[in-house]
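Please look through the structure shown below before reading on; the paragraphs that follow take up charge, fold and interface in turn.

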Amino acid sequence: MDFFSVLGFDANTEWVLTGSLLLGFASGTIGSFVLLRKQSLISDAMAHATLPGVCIMYILFQVKSIPLFLIGAALTGLLATQAIQLIIHRSRIKTDAAIGIVISVFFGFGIVLLTYIQQHFGGSKAGLDTFIFGQAASLVKSDVQVITIGSLILTMIAALFFKEFKTVVFDPAFAKGIGLPVRLLDSLLFSMVLLVVVIGIQMVGVVLIAALLITPPLAARFWTEQLGVMAFLGGSFGAVSGISGAILSTTIDHLPTGPMMVLSASFIFFLSFLFGSKKGMLPRMVKLL
Amino acid sequence: MNYTLWIILTGCLVGVTCGMSGVLLMLKKMSMIADAISHTVLLGIVGAFFVSQSLNGLPMLIGAAVVGLATAFFVESLHRSGIQSDAAIGVVFTSLFALGVVLISFIGDQVHLDTKHALMGEIAFVPWDTLQIKGESYGPVAVWMLGTVLVLNLILIAVFYKEIKISTFDPQYAKLIGVPVAFVHYLLMGMVSLSTVASFDSVGAILVVAMLIVPGATAYLLTDRFITLLLISGVVGILSAMIGYGAAVYWNVSIAGAMASATGLLFLAAFLFSPKHGWLMKKAKQRRLAANS
């Protein structure tokens, strides 16, 4: 914390910055698994689908309670991924169209509920708007605690079960062969993605939180071919994006937090795309010469 | 024509224009490209504003079309450099969309262009922004724009009907008999970009995505014939717009959001009850077969 106070931030901002750092790390790490399982866009659908959940909780209980909102978000996020699976398995619609259907319909319904709340409860008080693009400056200490503790737990689980996850991601058949509980690990990984989305929406927003799962690990991919290094590097890229986005949006007026974090991540991705030691453009061109 | 009818007409035009071009993308398994383009178009619109300092139609159309095609190009180049396609789409559209949102926040309050507008559009304001020629009013600009794009799309589909059909269902065979597959591909991307641009300003990103993807998917559950697919997709788009508008007025909620939800309801109905491909219908058929044997 002392590091931040040197830079002249107040106590609340320190909390926010710590939260954004840890959230970025957790999402970058978990995103590495998501990327390898080719579920990047499914996580985007999950994120968009949390909006109606948050709104339903507000309509039902008419209080601004973050735990309730997050439960609602998790429920509709889960429902969305189930809907995608159902559409793929029970009809002739392919994966990408199924994801698109779920994204637009769930989010559209979320907007309907949001405007309903604004009409009937004077919902600008509830601050639900900030869930769309995220607003770090509006977070209070208890919100940030949820983000901080959640991110720490997620990162720890990822580290603890790293070997098992790696085996399940790369070679599910082998994992089954050596007696790993594949389905359980699968569900655990899925729950971790859901959790990182749910705790992140307040800060980054439902529209762009998936970018924090997709972009940092993808940038890391240009530097390494080992999953361990990739997860750590992805986490670090995520942490840098998170904190620089949070700093920029709290110091410059009107800048929305989520988009700034995503832009920071995109910038890191761009640099990695050009200079990454394993797959970057320049090193590859040099090799050709 | 009165206020309500103009809004419904705009919604229907969005539905039929996006529905028909979207179904072509879906058949080529490129629905998520549609999702990406309808987000990044925002950057084109904001960029055009910074260059021209106005919210006029033409610079915006150009800006949006440029960014739309750039999105398709970036995704393809990343994919070719070895990145899996879902991640390539994800990284390109979130980056460009985030850039658009951040740039919007620099514009300030003097113009009616903000993040909310980008997501939900301003369909309720469509009737006020009319085309003026020599002091005469000729109806909303949005209707003219959408109408033009629709006619253009219809002409293109009619002229290249065979080429589009063959290269959609069997690209290899199409190449073999000399159909210019790459040309047809960019023709489709152009049609989608134009439809998106024309719709975006009045209905916002959510509804554009919904109308591009959902009516096509719904139609795909109802028929196997190409021409019927196009027709049903357009009709589903129109129905969604009408149902959505009714619901939005009744509950006093976002029109674009309600229309998007309506596409979802129609899809659900087809998913469950389509005579040939519906889930419940297939189940019932299986049960009947089991009972007979």
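How far apart are the mean positions of the positive and negative charges of chain A? In this predicted model, chain A carries 17 positive and 12 negative charges, and the mean position of the positive set lies 14 Å from the mean position of the negative set.

As for the fold, chain A is built with 15 helices and has zero strands. Its C-alpha atoms, taken along the principal axes, fill a box of roughly 65 × 55 × 35 Å. The radius of gyration of chain A is 19 Å, which agrees with a compact globule, because a globule with 289 residues would have a value near 19 Å. Of the 289 residues in chain A, 56% are buried, and among the contacts between residues at least 6 apart in sequence, 71% join residues that are at least 24 apart.

The partner chain comes next. Across the boundary between the two chains, 52 residues of chain A are in contact with 54 residues of chain B. The size of an interface is often given as the accessible area lost when the parts come together. Between chain A and chain B the buried area is about 4,400 Å², and carbon and sulfur atoms give 76% of it. On the chain A side, the residues that lose the most area to chain B are A:L41, A:R92 and A:D96, which together account for 15% of what that side buries.

Note on methods. Residues numbered from 1 in each chain as written. Chains lettered and ligands numbered in written order. Predicted model: local features only at pLDDT ≥ 70, side-chain atom pairs only at ≥ 80, totals over all residues. Heavy atoms only, no water. Helix = DSSP H or I, 4+ residues; strand = E, 2+ residues; numbered from the N terminus. Rg over C-alpha atoms; globule rule 2.2 N^0.38 Å. Buried < 20%, exposed > 50% of the residue type's maximum accessible area, 1.4 Å probe, protein only. Contact = heavy atoms within 4.5 Å. Lys, Arg positive; Asp, Glu negative; His and termini not counted. Charge placed at Lys NZ, Arg CZ, Asp CG, Glu CD. Buried area = accessible area lost by both parts, 1.4 Å probe.
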